Amino acid sequence: MADCLFCKIVAGEIPSTKVYEDEKVLAFLDINPMAPVHILVIPKEHIPSLDGVNEENAPTAAHCLAVAAKIAREKGIAQDGYRVVTNIGAASGQTVPHLHFHILGGKQLTLSLG
Ligand code: 5GP
Ligand code: ZN
């Protein structure tokens with residue numbers, strides 16, 4: 001999608017610090033980390049949010065989750081525990097309308113819904 005920040009990152013038009021890449025998925029460091037480990041996993045295909053996931057593209061979304069779990073193990077945060085978050089729409093605070101899963105870990109997390 002032409003005007004989408006994360007599509008531009010997928011296309012290499014905006015630089016990112018890549019953590020993982022395959023034909024369907026890209027993972028990169030969040031530019032404004034909220035935890036010692038804060039990585040975003042996105043489908044290369046433009047899906048606006050989880051609200052845009054359907055039977056057709058669900059395998060890609062599921063693959064994002066499998067990649068998130070793999071990255072968490074590789075980064076050494078799986079044993080202590082971590083969080084995977086996806087925001088959907090304005091009321092959730094979603095700022096980039098391209099499906100992304102936040103991997104957050106490396107510290108004790110609290111549940112803040114502010
Ligand atoms: P959201 O609030 O939509 O769930 O999350 C968007 C995330 O994208 C935020 O955590 C924000 O820091 C991150 N972000 C925004 N712009 C960029 C960018 O240009 N590069 C990277 N690496 N992350 C970004
Ligand atoms: Zn996009």
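Which residues are linked in a network of salt bridges? Here are some friendly notes on that and on the packing.

1. The ground rules come first. This is a predicted model, where local features need pLDDT of at least 70 and side-chain atom pairs count only at pLDDT 80 or more, while totals for chains, interfaces and linings use all residues. Residues are numbered from 1 along each chain as its sequence is written, chains are lettered from A and ligands numbered from 1 in the order in which they are written, and side-chain values use heavy atoms, with hydrogens and water left out.

2. Now the opening question: the network links Lys18, Glu21 and Lys44. A salt bridge here is a side-chain nitrogen of Lys or Arg within 4 Å of a carboxyl oxygen of Asp or Glu. Glu21 pairs with Lys18 at 3.3 Å, N to O, and with Lys44 at 2.8 Å, N to O. The Lys44 pair links distant parts of the chain, 23 residues apart: Glu21 is in strand S1 (residues 18-21), and Lys44 is in the loop between strand S3 (37-43) and helix H2 (58-74). Helices (H or I, at least four residues) and strands (E, at least two) are DSSP runs, numbered from the N terminus.

3. How accessible are these three? Buried means under 20% relative accessible area, exposed over 50%, and partly exposed in between (1.4 Å probe, protein chains only). Lys18 counts as partly exposed because its relative accessibility is 46%. Glu21, at 38%, is partly exposed too, and so is Lys44, at 23%.

4. The whole structure has three salt bridges, and one of them joins the side chains of Glu74 and Lys70 (3.3 Å, N to O). Both residues belong to helix H2, four residues apart, or about one turn of the helix. Glu74 is exposed, with a relative accessible area of 55%, whereas Lys70 is partly exposed at 34%.

5. On to the inside. A nonpolar core is a set of buried Ala, Val, Leu, Ile, Met, Phe, Trp, Tyr and Cys residues joined through side-chain atoms within 4.5 Å. The largest one has 17 residues, and Val41, Ile71 and Ile103 have the most contacts inside it. Strand S2 (25-29), S3, H2 and strand S5 (101-105) each supply at least two of its residues, with H2 giving the most, six.

6. Ile71 deserves a look on screen. Leaving aside residues up to four places away in sequence, Ile71 touches Val19, Tyr20, Ala27, Ile39, Val41 and Ile103; contact means heavy atoms within 4.5 Å.
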